[in-house]
Amino acid sequence: MNEPRQTLYGVIGEFDSPNALMAAARKVREAGYEHFDSFAPFPIPGLSEAMGLHYGLKGWKHNLVPQLTLLGGVGGGLTGFFFQYWVNVMAYPLNIAGRPLNSWPAFIPVTFELTVLGASTFAVFGMLALNKLPQPHCPLFTVPRFKRATNDGFFLCIEATDKKFSLSDATKFLEGIGAKFVTEVRDED
Amino acid sequence: MSDHEHKYGIVRSGFASTNPEDPDNHPPTAEERELREYPLDIAAANAKAKSGTGKQYWRSIEELAGDPHFEDLLHREFPRAASEWDESVDRRGFLKLLGASMALAGMAGCGRPPEQHIVPYVKQPDGLILGKPQQYATVMPFGADAVGVLVESHEGRPTKIEGNPDHPSSLGATDAFAQAAILDLYDPDRAKTPTEAGDIRTWAMFQQAAQDLATAQKSVNGAGMRILTGTITSPVLAAQIEYVLKFFPQAKWHQWEPAISDGAREGAKLAFGRYVNTVCRVEKANVILSLDADFMANGPGHTRYMKDFYKRRNLTGPNDEMNRLYAVEPTPSVTGSAADHRLPLRASEIELFARAIAAKLDLGGSATLSKDAERFADAVAKDLQKNRGASLVVAGEQQSAEVHALAHVINAALGNAGATVYYTEPVEANPVNHAESLHELAADIHKSKVDLLLILGGNPVYDAPRDWAFSEFEQKLKKVHTVVHVSSHYNETSEFSRWHIPETHFLETWGDARAFDGTYSVIQPLIAPLYQARSAFEVLAAFTDKPGVTSYDALREHVKTVLGAGDAEKNWRKSLNDGLVAGTALAPLPVSAKFSPASLPPAKAHNADEFEFIFRPDPTIYDGRFANNGWLQELAKPITKITWDNAALVSPVTAQKLGIGRTIASRGGEHGQVRSSVVDIELSNGKVSAAAWVVPGQADGVVVLPLGYGRKNAGETGTNKGFNAYAVRGSNALWATTGGKVTVTNDEYPIACTQFHHNVEGRKIVSSASLEEYKKNPNFAHEKDETPPNGLTLYQNFEELGYYKHYKWAMAIDLTKCNGCNACVVACQSENNIPVVGKDQVMRGREMHWIRIDRYYESGLETEKDDDSEIPALANPPTYFQPVPCQQCENAPCEQVCPVGATTHSAEGLNDMVYNRCIGTRYCSNNCPYKVRRFNFLRFQDWETPSLKLMRNPEVTVRSRGVMEKCTYCVQRINNVRIESEKDNGGVGREIRDGEIVTACEQACPSEAIVFGNANDPNSRVSKLREKVNPRAYNMLGELNARPRTTYLGAVRNLNSDLEKA
Amino acid sequence: MAQIFHRSTNFIARFSLFSAIFLAGLALTGILALARSPYFTRQNISREQPVQFSHKHHVGDDGIDCRFCHTSVENSATAGIPPTKTCMNCHSVLFNNAGYLEPVRESFRTDQSIQWVKVHRLGDFAYFNHSIHVSKGVGCSTCHGAVNQMPLIFQANTLLMQWCLDCHRNPEAVLRPLDQVYNMDWKAPDDQAKIGHDFAVERKIRSTVELTSCSTCHR
Amino acid sequence: MSEGPVNSPEIRRLPRVLEPGYNYASVTDKIASIVLTRPVSLGWLAGFTLSFTILMVLLGSIAWLIIKGVGIWGINIPIGWGFAIVNFVWWIGIGHAGTLISAILFLLNQQWRTSINRFAEAMTLFAVACAAVFPGIHVGRPWMAFYMFPYPSTMGVWPQFRSPLIWDVFAVSTYGTVSALFWFVGLIPDLATLRDRATNKAAQIIYGMLAMGWRGSARHWHRYQSAYLLLAGLATPLVLSVHTVVSFDFAVGIVPGWHTTIFPPYFVAGAIYSGFAMVLTIAIPLRKAYGLEDFITMRHLENMAKVMLATGLIVAYGYFMEFFLALYSGNKFDVFLVQQRLHGPYSGYYFALILCNILTPQLLWFQKVRTNVAALFVMSLVINLGMWLERFVIVVISLTRDFVPGAWGRYQPTFWDYSTFIGTMGLFVSLLFLFVRGLPAISIAEMRELVAHTSEEHE
């Protein structure tokens, strides 16, 4: 079969256990590859560290979700409270049951709810955005065995965009660290 | 004139110039002419009426016949009255939009309102300012009295009836009947056109027929002609009758009033040897003894008497004195419940009691009483003695001639005659013994002597005694060749009449009447007859040689004789403006009682364990004439709090003896529905089944049968409600009888009772004390008050934000002065467009009255556990009435919980309710400690019936379904007065004077128990009744710190120490 | 094997996510705008009337005072629509056989009212009172616009509650000398802020809390 | 999870959270097959038809309500709130278990949550949906209910933020949104699994779109996990706040029987109580119908029973405190009210509620009962009923006898009250039926984790 206009995406290999995948990932990183990714049907503890992904401030490059959540929460809360303040004290001050115009204790529930709302929406949509989802189309889906990535397969893929990537080296390297079914991934139209 | 300017800018102009009889614009308008010229299709009209395909409500044959000309006229709803300000029309449109289309569209705003039209006058009546209501003076004829009223008119639509301060029988106050009369005018069930044997006829046709009948009678000098009327106090009408009788020398005039006994008349004869009219000066009496007299709620001048009575109960401070009222009566009445001392006695024992009093005053005669009664009589006699010339004994309308005679002699002996009571020529045009009069008529009919019977008003088929020839009055009537019945509705009697002529409402016709003291009063119409109605006068005229003569002409003619010298036209206008002719009250008669109690035959012994059955006019629908009046039907009876029904009333002991049971239905419950045993009552004259009802304070062994219910043909509202007490009422026992049988059945009947629980559960709801206690401790009402001090709050001080600065509206209600007469409730309903919801909804606890009157018994136990232990406590418990409108709390619990801010506080301290913002969560009602909020659970307002639209007060929003509503302190009146005051002095404005704003309830209240005003003005009447100023003032449930603007003043009773001890 | 989704779906998916949120917002603003649009408020829309009565002619050209026809404006909640009689007072002489006045004459002849189409319309739950406004120095043109230039009358303002509130919160901005109330051409002077304030003081205009209380307009 | 030494007889061995012998593929298979391969059973059809019919009853009732008005219900003055509010509180309460299980147990790292959290969350969503029906329709003018939302109106007026009902609007809508997000985020990996296992194109496309191209990338998992953790952290206080706010509807009012500070904690406890009862009511038939006994083991049932016992005791404490506070405070209205509870016209309801909510659950002290599936099922129903009665007692009965004796009344529901209530159950069950057919009722990805975990244990 010959596809003239096919672009190379990377090389993918399969491993038979979470631990194998973790070890492999560590090796790939030590080998100096940066644009690579590993795939598993469930989150494997330690895999992130193995791939050199960090949490917290240190890992903001890899994971901005906590910061976004904080932002959403603070934003929601402030909007919540000051909107109520504006309505009751500035927009249309009314004597309601002789309660103070700025009855701040009564404004707390709404403030709280909006805080949570803001934070959680930011968390979720932030996560999706950072993961570049939705992305229904991905070159990896052309690899027949890759279906098992959402079932019981453990994969590692070195991407062509990596600067020290070359098809032959990468393939060899993967086979060298015990990957099975090493195949190149090509994006087809 | 000027003395009434202050009624929120209403110019009380002398003349209802929007009405056609007014000579100024009398010539028939074009459409009238057109209609008359238009050929009538009577056949079509009849067909439609019969087949029922015709309109539900129609004003005239033309309309029913579907005359196109008429149709488009009708759409403009009374062209002459129509104007752009007929709010009800476009308000209806708006609410329809809210209700219907938005419901379907599912969201607001889609579909914009349709175009509306402005329909201005063609020729605007003089003196009418568009958008400004006018008030006209007139009188409401009622029994042997005429109640002076001022009627508010919006562009020719009478909308509200209020008391006429100038009129002796009103002095500015009214009773519930007068307030509700406006609904009778617009009652869609009124007869709309003359009929002959049920077929529609025109007035002209009747006139023709009348003339034929007249000629027939003329030939026999009217030997076969009879006229039956109620009590007539109208000189003009009386003159007309006299004229007819002259015209037909052998014709006879009979009278029958079902709810008023001949006792008063015959008693006068017994005492003075002639008929006289008794007028009391209640305000002059220190001690009053009521012998089964409900003089504050029934009988001539009752409104005036109530006002006078409470003039003597103004307690500004502990040093003030009060009059004292003793009541001896078989069943609790409004008057009796307000009494300081009350003794339940069988109706038949009242006479004994009167004899005893006479005896104790050494007037001869003697009587043996029970121990309690004896003690009571002793105390009363002593008290009367102490107050010679300043005491008063009143005998009840339903009491026998003897009791009345005894009352007269006692008053005479005490020197009260001329002081607290005086006698005049009868107010009635022709006083006769009604029972005899009717009996005579019946006999004549029986002997087939009668072939033309004119029944002017009244409903004898329904309310005549069952015995004599009346056993089948219907059948008898058939014997009469021609019966002509004139009445507002096509009722039971009309069915048996050949001709029925719709009678005009007193707001539709010219006429006159004498008040209880004889004052000559003028009836002027505020609107042209809504239907093809005629006054009794005009019907009579049809039989004379002057058929065309109108009431107006006759009145003008007669008034000449009444009006004094001077410019006739000017005097005439003045009398219209005042609603009466000054100085026409009848002069006192120099009569002396020539009657000795000793001369009375020995009292017939009665058997104490025999039941006594007594008949009374119903407190809200009277003798049945108001049966089709929704406001009065839904009005809770003062004592029993029953609506929409009457019931056989018995005392707790009797109920226990009979084994009468009742269960509180869980739908509605204490505030709505109680299922009560049905009893079969068998009297000599018949048998009737009635729901039984237990009334604390009623004499044991007495069964009260309220009249006026069980109508078979009263109209949509009144037909088949309650049981017909007339069905067992015979001429031998018109008011009381014994020897009947009561059997309790297993059936239960659901009664719509708006307040069943009668115990305050030891809560701070009603405060009361005796006069001595009050003098000893003036602060009894609020000393145990737990209201937190004003400063004690974390809340913002709204005065600083400019609230309550200028005006601070407040209301004070004096419980000493409330006897639960209900006038305020109906006044409020009329003023605020409050809908009637019907028995079913009342039974679900959804009645809409903005002001309710709670009735509590002292030391009653929990009613809802059927516990005999409470029976002694309820034998004769002191009764308290508490009107409860919105309390307008400063820290209103309702406001805080409204999610949309539909109820907020105004700068003047009103608890505003914005209907168009309300979405109906009902949270406010839940959170209202006083439960004064009312909710439109369904679409309670009638938006179809055209006549009811005319009745609405355009100053008040008509509420849609799903909206909360409540008392607003009549904010529309406040605003109108404020606007007028602010416009004064060339826009600079002035302060509102105290008393310038009068709420509807305050206005109606005869005892002036309700006072409204500005609490910021230390000199306003209300300020003097508020906390810290008046010692009796207290807040209902003050401990909740809702800070109500409505304060109550503790109830004080002037007890007689002799009766207190032991 | 073939992909389930074409590459383009990536863009489509992301774009549709955003546009969904965006469209929702747009729709909401649309509704809010519509509620304020002349379609609902009927602002600036003149209507076909039984008689094409021109305020421009009567007020602008003939200089007839407002109160000549709207007689109750100073005493009543309503300014009052003149009865046919008022028209006839002049038109029985002037243009007394002009065709376009036939409806007026017919009304007078047959005693049937002319049915004008209502132009200025408030909710029936809003109780506006003309007399208090004019007597406190709020000019006709403040709410009704330059009527003297309207061949056919139309509603110059939105009459939305928000619009009422603007004025009730700051009446100083519109108060005039009392003799200028019926002057259609009156323009606020530069020192309106000052004189407005003075008027408010001398005419005892109620405070904002009072003027913005619900029961001021709703009953 | 720390367990005693294997086979040590003296220590009762806890039942496993996952029966042995499963690997990644078999777990995936078992759960995914319910959705993908298993044919529609007759039982499912029958059940769905029935519940859908009941749902139509709900729609009918609502239509009639909008045509006639809330007057078709039994409410009146003084009892302004009836079934509608009772049902609202009841459903919201039920809606608490899901998020609680997913969030709090997740934070507490309880493995036994894994196989029940998915449908518990679904149940939460559906319960909230049922609850959300009522605030809208119980108002007098439903077409005006949008006044409760803060939008720039032409009237220049805004919602009244001091009203607990407005707090409700925000609390419930937030809770609904967050629960939905939480649920969906959890679903993404499983949706991907279904996408990749689906054989027909339509399924592939639908699940594909929902999965948004998830492919188990470690970099995705990396962010995914922190997002999920944060959501759990946010949902925990939220779930507590929601029923607190609902309880404010009453606690903020001055009505005796409403106005008490004990409400928030005891409402929350009650919510969890009824929530777990409902989870049991659903879990027991579910595991039976789809043979999931290995995943939803006795261990799960027993733990849930323990939670019910604990929360049940808190609720009991709440009831007791109501009495204590009333008597201790000496407030005559409160004292009167608690007496009414015992011998007022509605005492029957109160004793029934004590029986259902306090006495019956005491059986859960016995392990025999805790491990008896049938008993647990019956008990869960009893507790659901009891919690409904509790709300009825609080909402309605407090209103029948408040401050002014002259205005006392009573309440009786009408046909339409019942039809609306039953109708919402139709809605609830219909949604459940669709859910079990359309989506994995148990989180596959998390089960795989469990497999990994346990296999390590047994290695």
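Which residue forms a salt bridge with Glu670(B), and how far apart are the closest N and O atoms?

Modeller: Please keep in mind that this is a predicted model. The partner of Glu670(B) is Arg401(D), and the closest N and O atoms of the two are 2.2 Å apart. This pair crosses between chains, for Glu670(B) sits in the loop between strand 23 (662-664) and strand 24 (672-683) of chain B, while Arg401(D) sits in the loop between helix 14 (373-400) and helix 15 (415-438) of chain D. When the whole structure is searched, 84 salt bridges are found over all chains.

From this pair we can turn to the whole interface of chain D and chain B, where 64 residues of chain D are in contact with 70 residues of chain B. Together the two chains bury about 5300 Å², and carbon and sulfur atoms give 56% of that area. On the side of chain D, the three residues Ile77(D), Arg141(D) and Trp143(D) supply 16% of the area that chain D buries against chain B, which is more than any other three residues.

The charged and polar pairs can be counted as well. Between chain D and chain B there are 4 salt bridges, and one that can be picked out by name joins the side chains of Lys332(D) and Glu1039(B), with N and O 2.8 Å apart. The interface also has 37 residue pairs in polar contact, with both residues of each pair at pLDDT 80 or more. If you look for the elements of chain D that each supply at least two residues to the side touching chain B, you will find helix 2 (42-68), helix 6 (164-197), helix 8 and helix 11 (332-343). Of the elements of chain D, helix 2 gives the most to this side, with 4 residues. Sorted by class, the side of chain D that touches chain B has 42 nonpolar, 14 polar and 8 charged residues.

Helix 8 of chain D also takes part in a contact with chain A. Two packed helices are described by the angle between their axes and the distance between the axes. Here the axes of helix 3 (residues 65-91) of chain A and helix 8 (residues 218-251) of chain D come within 9 Å and cross at roughly 30 degrees, and the crossing is right-handed. The contact is made by Val65(A), Pro66(A) and Thr69(A) on helix 3 of chain A, and by Arg223(D), Ser226(D), Ala227(D), Leu230(D) and Leu234(D) on helix 8 of chain D. By class, the residues of this contact divide into 5 nonpolar, 2 polar and 1 charged.

Chain A meets chain C as well, and there 15 residues of chain C are in contact with 15 residues of chain A. These two chains bury about 1500 Å² between them, with 52% of it on carbon and sulfur atoms. The count of salt bridges between chain C and chain A is 1, and Arg7(C) forms a salt bridge with Asp187(A), with the closest N and O atoms 2.7 Å apart. The elements that give two or more residues to the side of chain C touching chain A are helix 1 (8-36) and helix 9 (161-169) of chain C, and helix 1 gives the most, with 5 residues. That side of chain C has 7 nonpolar, 5 polar and 3 charged residues.

Note on methods
Residues are numbered from 1 along each chain as its sequence is written. Chains are lettered from A and ligands numbered from 1 in the order in which they are written. Side-chain values use heavy atoms; hydrogens and water are left out. Contact means heavy atoms within 4.5 Å. Buried area is the accessible area (1.4 Å probe) that two parts lose on being put together, summed over both. Ala, Val, Leu, Ile, Met, Phe, Trp, Tyr, Cys and Pro count as nonpolar, Asp, Glu, Lys and Arg as charged, and the others, Gly among them, as polar. Axes are lines fitted to C-alpha atoms, for helices over the stretch in contact, and angles run from 0 to 180 degrees between N-to-C directions. A crossing is left-handed if the near helix is turned anticlockwise from the far one by less than a right angle, and right-handed if clockwise. A polar contact is a pair of N or O atoms within 3.5 Å; within protein, one must be able to donate a hydrogen and the other to accept it, and residues adjacent in sequence count only if both atoms are side-chain atoms.
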